[in-house]
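Trainee: I would like to learn how to read strands, a helix and a pocket in a model. Please start with the structure itself.

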Amino acid sequence: MTSPASRDFETQHKLLLLETLYDAGLSLQSLPDEEALVEDVLGRAVGVLDASRGYLATFADGGARRAEARVGFPRRPSETVLAQDEFLHDVLAADASLRRENFRFLRSPVATAIGVPIRAGGRAAGVIVLADKEARRGGQASFGEDDARFLASLAGLSGTAIENRRHLEKLTRERERLEEENRRLLDETGRAAAGRLFIGDSPAVRRVLDLVSRVAPSRTSVLITGESGTGKELVAQMIHARSDRAKMPFVAINCAALPETLLESELFGIERGVATGVEARPGRFETANGGTLFLDEVGDMPLPLQAKLLRVLQEREIERVGGRKRIPIDVRVLAATNTRLTEKISRGEFREDLYYRLRVVAIELPPLRERREDIPRLARHFLDRFAAREGREIPALDREAFAALLAHDYAGNVRELENLIEGAASLSRAGVIRLEDLQWLPALGRQVPEAAPEAEAADVPNLRALQERHIRRVLKLVGGNKSRAARLLGISRRTLYRKRSRN
């Protein structure tokens, strides 16, 4: 018959087991690493179950030992000893606790032992083995059912903590890998972006890329100029990608595409209640905070907004439309235009003070006709991309088509070349692009006589006249459809109207 003192001891011991499990559940998740976790768990198990010795090891998916703790086993067992230990392997393969007496564990004699597997993610991730339980009045005792249930519960808590920790480590490694890959890609973005517009080794291209690499690390405002289709936005993206703001937003807005009232709210945001049904929303400056704002076609910005933009650049603060609160911003501003802003300044259409604020550094992009040596490589790039996208063999250019491409003046620059190549590749037969596949280009290829007698040199048209003639012929070819003409030329309808009115 069990004495009252013995029953009281058993009750107190069970309470100790429950308190230990509760405390372990709270603390295991906060330990710094797996090594600390196994030390903590084994210490709790040995102390609470009165074991003379204990061993806990965790293993990676491939079986290699990851972490280990020992009590009473003085030497760290070698991988060979672990691989050959029968009890260890039996415990790893078991679904519940195992108890054994009078055997050798890790090549040491053991009178009595209990072992449980630690499972993480449905797989055996480790073992807890306790040996030689001490009796209350001296000598040795056997591990009982209460001990087995406690150890199984502790192993369950340990497995959950190990699984969470390993999952977190995996996520951390993946995040670090992605960050490293992101840094590499950001570093290479300039070269990748050049794949569309700056393929080539011409001096003009090298000058642009040199300026980009030199100005990108600073916070200086840059004005990018050049004809339509030369790649002003991509240059802005290259500058952003090579700056210390690369991980922050790059936000672009076309100042010519929106009316004045809408452009103002798009840039600076708007407060709720300015008009019926209007909800508060941030503008592009707030969206780009910490990053880069690209103002395309800045020369078409209305004068009242130019004044507000100048104030923002000077004070580094904005006010939303209908609001009074000043919102600080940290934005690098890059701007682009295909017009001569100095002429607009002389006509009173653009603020001179804003011009100098935007044009701290100027990058002028060359038209394609000034770097014809890059046309073969650009054409090859566009053909490669077309073939990869369409799942077709890369078409070849025959001699006449190639000569026509080299002779063309490209009012729409690289964008026009890209559209022309894509259209010709779509029409090509038997893997060869011929002159007739270039659609409207053959007629234009003969627009200038092969040679002009010296006596008629004065009659040779200038570049603007050639451009106007080119645009007129494209319009005639498409029956006056300005949208289609602009698409063939690789320019916007607005730019087409401007070029027509200028001439």
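Trainee: Which residue of β12 does F294 stand opposite?

Mentor: F294 stands opposite L334 in β12. Strands here are DSSP E runs of at least two residues and helices are H or I runs of at least four, numbered from the N terminus. β9 (residues 292-296) and β12 (residues 332-337) run parallel and are joined by four bridges; two strands pair if DSSP finds at least two bridges between them. This is a predicted model, in which local features need pLDDT of at least 70, side-chain atom pairs count only at pLDDT 80 or more, and totals for chains, interfaces and linings use all residues. Residues are numbered from 1 along each chain as its sequence is written, and side-chain values use heavy atoms, with hydrogens and water left out.

Trainee: What is the mean pLDDT of the protein?

Mentor: pLDDT is the predictor's confidence in each residue, from 0 to 100. The mean is 84, and 85% of the residues reach 70 or more. Over residues 442-460 pLDDT stays under 50, and the model has 13 contacts for them beyond four places in sequence, a contact being heavy atoms within 4.5 Å.

Trainee: How do I read the side chains of β8?

Mentor: In a regular strand the side chains alternate between the two faces of the sheet. Buried means under 20% relative accessible area, exposed over 50%, and partly exposed in between, with a 1.4 Å probe and protein chains only. β8 pairs with β9 in the parallel sense over five bridges; A252 stands opposite F294 and N254 opposite D296.

Trainee: Why is β9 largely enclosed by the rest of the structure?

Mentor: Five of the five residues of β9 are buried, so the strand is largely enclosed. T292, F294 and D296 point one way, and L293 and L295 the other.

Trainee: How do I read a pocket?

Mentor: Rolling a probe the size of a water molecule over the atoms shows where empty space is left. On a 1 Å grid over the protein atoms alone, a pocket is an open set of points where a 1.4 Å probe fits, with protein on both sides within 12 Å along at least five of seven lines; lining residues have an atom within 4 Å of a point. The second largest pocket is lined by 21 residues, with G229, N254, D296, E297 and R415 nearest its centre. Helix α7 (residues 232-241), with eight of its 10 residues buried, is one of the elements that supply at least two lining residues.
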